[in-house]
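Reader: Could you walk me through how to read pockets and a buried helix in a model?

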Amino acid sequence: MTGQAVDESTIFETPLLELDLGLESDASVYAKAEWFNLYEAPHGGGSIKSRIAKGMIDGAEERGDLEPGVTVIEPTSGNTGSEVARLATARGYDVEIVMPDNAAGGKVEAVRDAGAEIHFVDADLGYDAVIERCEEIIAADPEAYYRPNQYTNPDNPGTHERTTAREIYEATDGGVTHFLAGAGTGGTITGTGRGLTDLSDETVEVVGFEPGEALHAIDGLKYLRTGDHYHPETYDESVLDRKLYVSTDDAYDRARALRERYATDSIPIADAGQHDEETIREHLRVNDQFVVGTSAAAGAAAVAALDEAGDLADDDVVVFMLCDRGDKYADIPLWEEYL
């Protein structure tokens, strides 16, 4: 199988936006717009998972773990699956993706568009059932498959440590004081947190956040607070200085507030990354609306929670991740009224 060509050179060096979240403090808040990884790809561009898809596939090929004729398989809630599918099919591999049957439509269509086969799992069984189904498929013919395994692969946090951390540190001229990211695989918060801790001589506060309830609708994040849930090996909580819990309602409210805040105002570009301003403006909005994904919304809510607790000073510099763009979620309650 050969999938559609993708321009892997657009991965990394994403824009940093300055956002007004209506905080009580005068802290500066910046966000990395991660759909500019593979920004021309259909169904919402790329996502933060474009980074680790490239890192894991590159690493597997370099080690000889992934060879021609092997099928790439991965369990996912959506974004890792679409990015693995896009990159691996473009390199000539067959790809199978295992995902819950309630995955956001834009993510499902992105996997299909890449030419991958999809195995759906009943979402009512919980996300751990998606992982178990993938393991069953591999067990039936182990030699036929290579699983990047975003939940154990050190190239997941390693890619963020090498790229995301450096980009944030340089784009803020070393001034970043707080970094926030959600935990799905934990790769972003673990890798970027490690990198920023090293680059800043341990002055950056690393704040992770998770869904506050088991039955949540924040795509890409895992509920780990209570119960017997699979804890990804890529999630090293010792990197965190603090952990917050975010509700779906708070996340969605924050996303809609951002949409309203920038209904007419231009969004300041603090650092363009590898892109020119015209390209950024062209791909920043959907139908002229600034809409972000669910985990990005949770990031905005987590920043607001820090501020409401009185933990942000006026001279602080806060960075969080806009993991994907909102048009991937046109069929779920967050944006179905708007897109």
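**Pockets and a helix**

Author: Let's start with what lines the largest pocket: 24 nonpolar, 19 polar and seven charged residues. Here Ala, Val, Leu, Ile, Met, Phe, Trp, Tyr, Cys and Pro count as nonpolar, Asp, Glu, Lys and Arg as charged, and the others, Gly among them, as polar. Keep in mind that this is a predicted model, where local features need pLDDT of at least 70 and side-chain atom pairs count only at pLDDT 80 or more, while totals for chains, interfaces and linings use all residues. Residues are numbered from 1 along each chain as its sequence is written, and side-chain values use heavy atoms, with hydrogens and water left out.

Reader: What volume does the largest pocket have, and which residues lie nearest its centre?

Author: The general idea: rolling a probe the size of a water molecule over the atoms shows where empty space is left. A pocket is an open set of points on a 1 Å grid over the protein atoms alone, where a 1.4 Å probe fits, with protein on both sides within 12 Å along at least five of seven lines; lining residues have an atom within 4 Å of a point. Grid points are joined across faces, edges and corners, and the volume is the space filled by probe spheres set on the points. In this case that comes to about 1100 Å³. The lining has 50 residues, and Tyr 127, His 216, Ile 218, Gly 220 and Leu 221 lie nearest the centre.

Reader: Which elements each supply at least two residues of that lining?

Author: Among them are helix H2 (79-90), helix H4 (127-140) and strand E7 (178-182). Helices (H or I, at least four residues) and strands (E, at least two) are DSSP runs, numbered from the N terminus.

Reader: And what is the volume of the second largest pocket?

Author: About 180 Å³. Its lining has 14 residues, with Ala 5, Val 6, Asp 7, Glu 40 and Ala 41 closest to the centre. H2 turns up here as well, and together with helix H3 (105-114) it gives two or more residues to this lining.

Reader: On to helix H1: why is it called largely enclosed?

Author: Because 11 of its 15 residues are buried, H1 is largely enclosed by the rest of the structure. Buried means under 20% relative accessible area (1.4 Å probe, protein chains only). Lys 49, Arg 51 and Lys 54 are among the buried residues. The cover includes strand E2 (28-33), H2, strand E6 (145-146) and helix H5 (155-171).

Reader: What follows H1?

Author: Gly 64, whose phi is positive, near 85°.

Key
Buried means under 20% relative accessible area, exposed over 50%, partly exposed in between (1.4 Å probe, protein chains only). Contact means heavy atoms within 4.5 Å.
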